[in-house]
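Subject: Structure handover

Hello,

Here is the structure for you to take over. Please open it next to this note. My findings follow below.

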Amino acid sequence: MSSVDDRIQSLIDGSKVLLFMKGNRAIPMCGFSAAVIQVLDRTNVPYQTVDVLQDSEIREGVKSFSNWPTIPQLYVGGKFVGGCDIVREMDSRGELAPLLRTATSEN
Amino acid sequence: MNAEDIRAKIEEALPGSRVQVRDTTGGGDHFEAVVVATQFTGKSVVEQHRMIYSILGPAMSGPIHALALRTSTPTA
């Protein structure tokens, strides 16, 4: 593992729900990141964000780390869940909130 | 790269698939694709999206700025 992979892994290990995004929760810098924030906020589950625009190493690194070419990327309980389309799809099927609640209630 | 190029690339890689691609802004860089393919059978949505990303390859980090995806298998 390269050092950037280690950094990404420790970020993921450090949060039960982690969103790699452009911008931050208050000011998303991309429509797709904003859409995921909107969905996550509605679930009332605590989550952390990483602003890839502040860190070019992570911005490129997370794409190969996840084998996923786009940002945003959501990790729940250490596992890659998907990007904006998948998060919205899971939310509309009522699958996202239970997943987040299970992950955040585990020790 | 236009919507037609993307559609052709996906259909070529996934023979028999049904692909619709729309240029959402008219600017040639934001697209929306709906792909129905038997090749998705047994794969998670994450894997299905990864298949499309790998078909489009380097275009994903260049000319295509955004690609909204909806993938599914044909319903019998």
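Helices here are DSSP runs of H or I with at least four residues, and strands are E runs of at least two, numbered from the N terminus. On that basis chain B holds two helices and three strands. Read from the N terminus, their order is α-β-β-α-β. Keep in mind that this is a predicted model.

Overall form of chain B

How does the radius of gyration of chain B agree with that of a compact globule? For 76 residues the globule value would be near 11 Å, and chain B comes out at 12 Å, which agrees. The C-alpha trace of chain B spans about 35 × 20 × 20 Å along its principal axes. Buried residues make up 24% of the 76 in chain B. I also looked at contacts in chain B between residues at least 6 apart in sequence. Of these, 49% link residues at least 24 apart.

Sheet of chain B

Strands of a sheet pair through backbone hydrogen bonds, in a parallel or an antiparallel way. In chain B, three strands make an open sheet with the order β1-β2-β3, and the pairing is mixed. From one strand to the next, the twist averages 10°. Strand β2 of chain B covers residues 30-36 and pairs with β3(B) in the parallel sense, over seven bridges. B:Val36 sits opposite B:Ser72 in β3(B).

Sheet of chain A

Chain A has an open sheet of four strands, ordered β2-β1-β3-β4, again with mixed pairing. Its edges are β2 (48-51) and β4 (79-82) of chain A, and each pairs on one side only. The twist here averages 25° from one strand to the next. Strand β1 of chain A, residues 17-21, runs parallel to β2(A) and is joined to β2(A) by four bridges. A:Leu18 is opposite A:Gln48 in β2(A).

Where the chains meet

How many residues does each chain bring to the contact? Chain B gives eleven residues and chain A gives seven residues. On the side of chain B that touches chain A, α2 (45-56) and β3 (66-72) of chain B each supply at least two residues. The largest share of that side, five residues, comes from α2(B). By class, the side of chain B that touches chain A has seven nonpolar, two polar and two charged residues.

Over to you.

Methods. Residues are numbered from 1 along each chain as its sequence is written. Chains are lettered from A and ligands numbered from 1 in the order in which they are written. This is a predicted model: local features need pLDDT of at least 70, side-chain atom pairs count only at pLDDT 80 or more; totals for chains, interfaces and linings use all residues. The radius of gyration is taken over C-alpha atoms; the globule rule is 2.2 Å times the number of residues to the power 0.38. A residue is buried if 20 or more other C-beta atoms lie within 10 Å of its own, exposed if 12 or fewer, and partly exposed in between; C-beta atoms are placed from the backbone. Two residues are in contact if their C-beta atoms, placed from the backbone, lie within 7 Å. Ala, Val, Leu, Ile, Met, Phe, Trp, Tyr, Cys and Pro count as nonpolar, Asp, Glu, Lys and Arg as charged, and the others, Gly among them, as polar. Two strands pair if DSSP finds at least two bridges between them. Axes are lines fitted to C-alpha atoms, for helices over the stretch in contact, and angles run from 0 to 180 degrees between N-to-C directions.
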